[in-house]
Amino acid sequence: MSKLYNILSLKCPRCRKGKLFAKHNPYSFKGSLDMPKHCPVCDQDFMIEPGFYIGALWTSFPIVILIMAILSVILLIGFKMDLNWFFVTIAVVLFLLQPVIIRLGRAIWIHIFVDYEKTLTEK
Ligand SMILES: [Zn+2]
């Protein structure tokens, strides 16, 4: 299982088994960003330091840029969309994708700091 797949499936970076988020559905009204303090499988600390996930802004921002770039090509070049409608569409899409983007950004962020330990899964 690759690191990218592990990030996309929002799993613990250390054991690649435990879930990073308490709720599976990113659109559950309450607590979609709730994370357990420790990995339920390998006990890896998910809150490495206070405010750890503030840094995840640096990993969710590129995702936003990527989505905007892809939408720009599709809507402006593909559909020749009016610029005003384009900005409305971008705003709506980014707003709707917000929970998914934040969760992915956090997953990437913790994967930068915590390495996979193969021995944990071989037990
Ligand atoms: Zn774990």
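**Aromatic pairs and charges over rings**

Good morning. Let me begin with Phe 113, which has a relative accessible area of 47% and is therefore partly exposed. Please bear in mind that this is a predicted model.

What does Phe 113 pair with? Its partner is Trp 109, in an edge-to-face arrangement, with 5.0 Å from centre to centre and 70 degrees between the planes. Trp 109, for its part, counts as buried, because its relative accessibility is 15%, and the cut-off for buried is under 20%.

The structure contains 5 aromatic pairs. Another of them joins Phe 52 and Tyr 53: the ring centres are 4.8 Å apart and the planes meet at 75 degrees, so this pair is also edge-to-face. Phe 52 and Tyr 53 are both buried.

I turn now to the annotated segments. The unreviewed UniProt entry assigns "transmembrane region" to residues 52-77 and to residues 83-102. In the model, residues 52-77 are 81% helix and 0% strand, with 39 Å between the end C-alpha atoms. Residues 83-102 are 100% helix and 0% strand, and their end C-alpha atoms lie 27 Å apart.

Finally, two arginines deserve mention. Arg 103 places its charged end over the ring of Phe 21, at 4.6 Å from the ring centre. Arg 16 lies over the face of Tyr 116, 4.0 Å from the centre of that ring.

Thank you.

Definitions and conventions:
Residues are numbered from 1 along each chain as its sequence is written. This is a predicted model: local features need pLDDT of at least 70, side-chain atom pairs count only at pLDDT 80 or more; totals for chains, interfaces and linings use all residues. Side-chain values use heavy atoms; hydrogens and water are left out. UniProt positions are given in the numbering used here, feature names are shortened, and annotations may be inferred rather than shown by experiment. Helices (H or I, at least four residues) and strands (E, at least two) are DSSP runs, numbered from the N terminus. Rings of Phe, Tyr and Trp (its six-membered ring) pair if their centres lie within 6.5 Å; planes under 30 degrees apart count as stacked, over 60 as edge-to-face and the rest as tilted. Buried means under 20% relative accessible area, exposed over 50%, partly exposed in between (1.4 Å probe, protein chains only). A charge sits over a ring if NZ of Lys or CZ of Arg is within 6 Å of the ring centre and within 35 degrees of the ring normal.
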